[in-house]
Amino acid sequence: MRSTGQLFRWGLTSLLLVPVAGFGWFAAGGAVGFLWLALALVLLGGGLNAAAIVRGVRRVGSGALMTSLDGMTPGDRAGEFLDEPLAPRQRVILVDGTVVGEGGVDNPVTPGPASRGVRRRVGLAAAAALLGLVAFGAFALAVEQPLAIAQGQLTLDEVYAVWGTASRVGFTITMTIWVVLSLAVVLGVAVLALLPALAADRILTPRRMLAAACIAGSAIVVAAWFPHLSMGISLPDELPFPAGGVQSAASLAFGLAGVALSAIAILITVPDWRRPTR
């Protein structure tokens with residue numbers, strides 16, 4: 001049976017995934033399935049939070065909550081067993097969530113070279129994956145999307161030849177800015193992975209390192225909307241035939257990758273994945 005806190009965190013996770021589903025609807029060109037998913041997440045999140053509130057109220061009413069905090073049963077508080085003093089309960093909650101003391105671990109694992117090595121491997125692998133994401137996004141924007149707008153009637157060279165100079169230069173500028181900023185984000189992820197400080201090992205655990213990389217990847221995808229918009233409002237008007245409102249398969253996959261990265265970042269940080277208590 002899951003605890004009150006676990007229910008609440010899963011309910012919060014469901015609600016946080018609602019805007020992600022909305023972004024998926026936008027990225028997929030208005031796919032109705034994402035709207036149904038958002039509705040289901042709202043209902044699920046509301047149900048889980050309601051269950052958490054009900055269980056929390058019951059625990060307060062039964063005295064189970066206070067017992068879990070100070071170790072005293074309702075009988076102790078009524079004065080029935082006050083002949084012997086209660087032993088103090090000492091617990092320390094570290095910044096990474098590790099509980100030291102009663103109810104936790106007696107000898108917590110101290111972060112060191114081993115955990116630092118895991119963080120570095122995870123971070124550097126994520127940085128490499130983000131670099132591939134930037135390359136794929138650039139290919140989708142500069143190659144696949146123009147061909148999709150041309151609807152197969154022009155080659156890539158012909159598309160860029162008929163594209164007006166001012167509009168093409170505007171797209172090139174926004175595209176260059178996006179690439180430079182994306183590479184800076186990738187570099188930032190790599191730097192975080194290589195931080196040598198002991199505090200970084202405690203705060204930036206491998207899971208949080210992966211979550212940070214997912215957030216960075218999602219931001220890269222969202223920022224690509226600006227060059228995509230620059231092309232979408234200018235190129236169709238320059239072609240010698242009616243065009244517009246077309247999304248390439250590569251652009252669709254790139255947008256949905258951002259949606260998936262946002263969902264992964266939420267799923268690995270917000271909910272409690274520990275086994276429910278019996």
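Of the chain's 278 residues, 34% count as buried, meaning under 20% relative accessible area, with exposed set at over 50% and partly exposed in between (1.4 Å probe, protein chains only). This is a predicted model, where local features need pLDDT of at least 70, side-chain atom pairs count only at pLDDT 80 or more, and totals for chains, interfaces and linings use all residues. Residues are numbered from 1 along each chain as its sequence is written, and side-chain values use heavy atoms, leaving out hydrogens and water.

Now for the rings. The structure holds 5 aromatic pairs; Phe, Tyr and Trp rings (Trp by its six-membered ring) pair if their centres lie within 6.5 Å, with planes under 30 degrees apart called stacked, over 60 edge-to-face and the rest tilted. Here are two of them:

| Pair | Centre distance | Plane angle | Type |
|---|---|---|---|
| F136 and F254 | 6.3 Å | 55 degrees | tilted |
| W225 and F226 | 5.4 Å | 75 degrees | edge-to-face |

Helices here are DSSP runs of H or I with at least four residues, numbered from the N terminus. F254 is buried at 5% relative accessibility, while F136 is partly exposed at 34%. Ring pairs also tie F136, W178 and F254 into a cluster. As for the other pair, W225 is partly exposed at 37% and F226 is exposed at 54%.

Helix α5 (residues 113-150) also holds Q145, which is buried at 2% relative accessible area. Its side chain makes a 2.9 Å polar contact with that of S251.

Conventions
Helix = DSSP H or I, 4+ residues; strand = E, 2+ residues; numbered from the N terminus. Polar contact = N/O pair within 3.5 Å; in protein donor to acceptor, adjacent residues only side chain to side chain.
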